Amino acid sequence: MSFIASKGFQYPLNPLTRQLREELYVRPYSSINFASSRNSISHTDNYHPKSVFLSSINWALVNVWYPYLRTERIAKRAEDWTFELIRREDENTEYANLGPVNGPMNLLACFIQDGPDSYSVKRHRDRMHDFMWMKDEGMLMNGTNGVQTWDTAFLIQAVVAAGEAENPKWKPMLSKALEFLDDQQIREDCREQDVCYRQRRKGAWAFSTREQGYTVSDCTSEALKSVILLQRLPGFAKLVTDDRIKDAVDTLLTMQNASSGGFSSYEPTRGSEYLEWLNAAEVFGRIMVEYDYPECTTAVVTALNLFRECQDSEYRKQEIIKAIDRAVKYIAKAQRPDGSWYGSWGICFTYAGMFALESLASVGQYHSNSPAVAKACQFFIDRQMPDGGWGESYKSCETGIYSPHEKSQVVQTCWVIIALLEAKYPDRRPIERAVRLVMGRQQKDGSWEQEAIEGVFNKSCMISYPNYKFIFPIKALGMFAKRFRSQSLS
C-alpha cells in the first residue's frame with residue numbers, strides 16, 4: 001500500500017472506472033474531500049480506533065514530511081526496497097501471497113512496476129481465482145487460498161479417534177489424505193529468510209497448501225499428529241520419513257516465545273505490544289506483533305508429546321521436555337479464574353477449552369487429578385443449554401466475555417463433548433445429553449446442516465469452516481462410542 005501511494009498511481013478514467021466510482025461511494029466522487037475524510041470510519045467498523053500517537057504521526061507525515069522533507073532519493077530508495085520485499089513474497093508463495101489483502105496489493109504494485117502484460121501480473125491474476133468464489137450472497141473472498149491442510153489433518157484425527165482408521169471402507173480415503181499431507185509439507189526454507197523477515201519453514205505445514213508457504217505452529221502440529229497417527233497403523237505407507245518428521249519438530253521448537261513459554265501462530269513475538277499504538281487497521285485488534293495463543297500452544301504440546309511417545313523418545317529429548325513444561329505452565333497461566341481460555345481462532349471459549357483439555361490430557365492431567373481441568377469442565381457444565389447442547393456467539397470474540405448463542409450449535413457441542421471426554425469427566429449424563437442432540441440433528445444423508453459461524457481471526461473477522469460440521473461430529477460421536485462401547489444410550 002505504501003509503495004502504491006508513494007508512486008501516486010492513478011488508472012485512467014474509462015467507462016468501467018466511472019461505474020466503479022458510482023458503485024463504491026455513497027455520494028458523487030467529485031464532491032468528496034478525501035483529505036478531510038482520512039479518519040472517517042463507520043462506528044461499527046471502528047473496532048480499534050487510531051491512537052492519539054498514531055494520529056499525531058500521520059499529521060506530521062502529511063503536513064511536514066511529504067511536502068518539505070522527503071527527497072526523491074529517499075523515496076526511490078524506500079520504493080526499491082519495498083518492491084524487493086514484494087518480489088520476495090511472490091517468490092516465497094508462488095504468487096499466492098499470505099492472503100487476499102496483500103495479494104491484490106502486490107498485483108497492483110507489479111502492474112505499476114512491471115507493466116500490465118508482465119509475467120508477475122499474469123501470475124497474480126491467475127492466483128486471484130484462489131480466493132474468489134460465488135455463493136447465493138454474491139462474489140465472496142476466502143480469508144486465505146483455502147483450508148486444505150488444516151481440514152485434512154483434522155479429518156484424519158477424527159477418523160482415528162473414532163476407531164475407524166483400520167476399517168477397509170475408509171482406508172483408501174485416509175491413504176489419499178496421507179499422500180496429500182506428504183505432498184504439502186514444506187521442504188525448504190525461504191531464500192535469505194532473515195532478509196525478508198520470514199520464520200524457518202523447513203518441515204512445516206501451512207494452513208492451506210505448500211505453495212502458500214507460511215509456517216503456522218498449530219497447522220504444523222495438527223498435520224504432524226495426523227501423519228504420526230496414520231503411519232503407525234498397519235497398512236499405511238510410511239510416506240513422511242523420520243528425517244522430515246524431525247524437521248517439523250525442529251521448526252516447532254523455534255516458535256516458542258522465550259518470555260512466556262506460549263506459542264504464536266506464524267512466528268515468535270518479535271516486538272512490544274506498544275506497537276499497537278501504530279495499528280492503523282481500525283477494523284482489527286492485536287495485529288502489529290504476534291501474541292501467545294492457547295490454541296497454538298496446546299496444539300504444539302499434543303504434537304510434541306505424540307512425537308515423544310510414538311515416534312522418537314530420544315530426539316532432542318531435553319529440549320522437547322523443557323518446551324512442553326514451559327508451554328503447560330503458560331496454559332495454566334492463561335486459564336481465567338472461571339476455568340476458561342479465550343480463543344483467538346475459533347468461537348471462542350468453547351474452541352480454546354477443547355484444545356486446552358486435549359493438551360492437558362496428553363500430559364496426564366484429568367478431572368480427577370487436576371484442579372485446573374476440573375474447573376474447566378465445570379465452566380462447560382455450567383453453560384450447557386436446556387436441550388443438552390452448547391452454543392456460543394461470535395460476540396465472545398469481540399468482547400472477551402462468554403456470550404451464549406440463542407441456539408445450541410452442533411459444532412460447538414461436539415467441541416465440548418471432545419473436551420469432557422479428553423478430561424475423563426466422571427458424569428456421563430451431560431455428555432450423553434449432548435450426544436443425543438448431535439445425533440438428533442443429523443440429516444437423512446448422514447450430514448449436518450450449516451449453523452452459525454465457527455471461526456474468527458483478529459477478534460472481529462469471522463470465518464466459516466464448512467467442513468467442521470462433519471469433522472467434529474465424527475470425532476465426538478466416535479470418541480463417545482469408543483469410551484462407552486459396552487453401554488447403550490440410556
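User: Which ring does the charged end of R428 sit over?

Analyst: The charged end of R428 sits over the ring of F484, 4.8 Å from its centre; a charge counts as over a ring if NZ of Lys or CZ of Arg is within 6 Å of the ring centre and within 35 degrees of the ring normal. K171 likewise lies over the face of F236, at 5.4 Å from the ring centre. Please keep in mind that this is a predicted model, in which local features need pLDDT of at least 70 and side-chain atom pairs count only at pLDDT 80 or more, while totals for chains, interfaces and linings use all residues. Residues are numbered from 1 along each chain as its sequence is written, and side-chain values use heavy atoms, with hydrogens and water left out.

User: OK, how many aromatic pairs are there?

Analyst: The count comes to 31 aromatic pairs, where rings of Phe, Tyr and Trp (its six-membered ring) pair if their centres lie within 6.5 Å, and planes under 30 degrees apart are stacked, over 60 edge-to-face and the rest tilted. One of them is Y95 with Y119, edge-to-face at 6.1 Å centre to centre and 85° between the planes.

User: And where do Y95 and Y119 lie in the chain?

Analyst: Y95 is in the loop between helix 4 (72-93) and helix 5 (102-114), and Y119 is in helix 6 (residues 119-128), 24 residues apart; helices here are DSSP runs of H or I with at least four residues, numbered from the N terminus.

User: Is Y95 buried or exposed?

Analyst: Y95 is buried, because its relative accessible area is 14% and buried means under 20%, exposed over 50% and partly exposed in between, with a 1.4 Å probe and protein chains only. Y119, at 55%, counts as exposed.

User: What about F154 and Y468, what kind of pair is that?

Analyst: Their ring centres are 6.4 Å apart and their planes at 75°, so the pair is edge-to-face. F154 in helix 7 and Y468 in helix 18 are 314 residues apart. F154 is buried at 4% relative accessibility, and Y468 is buried at 1%. Both belong to one aromatic cluster, which also includes W150, F207 and W415.

User: Switching topic, which residues of Q184's surroundings is it in contact with, leaving aside neighbours within four places in sequence?

Analyst: Q184 is in contact, meaning heavy atoms within 4.5 Å, with T149, A204, W205, T209 and R210. Q184 lies in helix 8 (residues 171-184) and counts as buried, at 9% relative accessibility.

How values were computed:
Helices (H or I, at least four residues) and strands (E, at least two) are DSSP runs, numbered from the N terminus.
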